[in-house]
Amino acid sequence: MIISCALSRSMARLANEMHAITRLDFGDDRSGGLSIISEVQHIKSSFNQLKQGIYAMTKYIPKPVVAAILEQSLSASHLLGMQPSYLVVMFIDLKGFTTISEMLPKDKTVMLLNEWLAAFTQCIHANHGTVDKYIGDCIMALFGAPEPLEHPEHWACKTALEFRAVLDGLNLSLHERDPTLPQISVRVGVHAGNLLIGNIGCPERVNFTVCGSTANAAARLEQLGKTYGVSPLVSGELYRVVRDAFLCVWVDTVVLRGYTMQKTQVYHLVATREAATPEQNEVAGTFHAVRSAIKRLQWDKAQALLDCVDVAAPHFAPYRATVSALATHVASREAPLIPAGIACNPLILRVMTRSLRLQIH
């Protein structure tokens, strides 16, 4: 009778802990201490190893995906498949990481990279985002997947703005720890749209991710930060959703690398409307007026507006590259927006110039 009661209690505690694991609750050990029954103790030891394995899995795969696997008891072959979905994709890249890795010892390089990834990942998770993957010194994040999220565009913009404070705190912490470490900065690209989300691969290896031009566009926007010298950069699709809540500065209209004729409006995410300064509003208003003048073929007006921009002023200084690019468009009187690699064909060039001329929506 005593052995039976001990066995019953041990198995009940173990069953409760197994049920908790299905909810990804890795709290305190509920199965009690060592059991006097060797078979029960063996089961507990094996279960603890399984528990540690599932916990480790949540560090490699988003928790909602792990929870779905446990809940639905899906095999690898049944996991494969993708579904169309609307969400926001964000790419964050560490500026000049190649140079940093060359100048620092390996241990300091790894430490700096891990500190940066940890700080930004925490900020993403705090704003209901999901880290899809780390790509070297780059983070790919999703808002609106794998769990549904209301207003994912706003959460993404809020996250991108909070990165500034996170970065300032991280640089201060790193400097206090080791004054020889360089100050780091990032570029951010954000785009919203429809794409495929789910599991891709083969029965032997499955990867949860997204596929589609929305993800590619977000990556290209991040890279455009090199050209225009400002960040975060967001697409016109995202801007149209958040413009009442966030102040954005129109930067340019471009054909992103890898695309043929699809134009993308590029905006610099500056601040929330409530937090925007008069100087920031002045910048946004100036470039909006330039864009309107170009759209209406009012070249002289556009040129006059650009001539009034003082790039030496602190609030206009970050937009030197933008002013230069727009001045080139205005001077050409066409702004054809021809993607690289097309201009070598005169026939295609004439057709695209005619179709793309000043179609700035």
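1. The axes of helix 6 (residues 106-126) and helix 7 (residues 152-177) come within 10 Å and cross at roughly 145°, in a right-handed crossing. This is a predicted model in which local features need pLDDT of at least 70 and side-chain atom pairs count only at pLDDT 80 or more, while totals for chains, interfaces and linings use all residues. Residues are numbered from 1 along each chain as its sequence is written, and side-chain values use heavy atoms, with hydrogens and water left out.

2. The contact (heavy atoms within 4.5 Å) between these two helices involves, among others, Met111, Trp116 and Phe120 of helix 6 and Phe163, Leu167 and Arg177 of helix 7. Its residues divide into 12 nonpolar, 1 polar and 3 charged.

3. Helix 10 (residues 278-295) and helix 12 (residues 320-332) pack at an angle of about 15°, with their axes 12 Å apart, and they are therefore roughly parallel to each other (angles under 35 degrees count as such). Their crossing is left-handed.

4. In this second pair, Phe287, Val290 and Ile294 in helix 10 meet Thr322, Val323, Leu326 and Val330 in helix 12, and the residues of the contact divide into 6 nonpolar, 1 polar and no charged.

5. Thr264 lies in strand 8 (residues 264-272) and is buried, with a relative accessible area of 7% (buried means under 20%, with a 1.4 Å probe and protein chains only). Leaving aside residues up to four places away in sequence, Thr264 touches Ser235, Asp252, Thr253, Val254 and Leu256.

Terms used. Axes are lines fitted to C-alpha atoms, for helices over the stretch in contact, and angles run from 0 to 180 degrees between N-to-C directions. Helices (H or I, at least four residues) and strands (E, at least two) are DSSP runs, numbered from the N terminus. A crossing is left-handed if the near helix is turned anticlockwise from the far one by less than a right angle, and right-handed if clockwise. Ala, Val, Leu, Ile, Met, Phe, Trp, Tyr, Cys and Pro count as nonpolar, Asp, Glu, Lys and Arg as charged, and the others, Gly among them, as polar. Buried means under 20% relative accessible area, exposed over 50%, partly exposed in between (1.4 Å probe, protein chains only). Angles under 35 degrees count as roughly parallel, over 145 as roughly antiparallel, 65 to 115 as roughly perpendicular and the rest as oblique.
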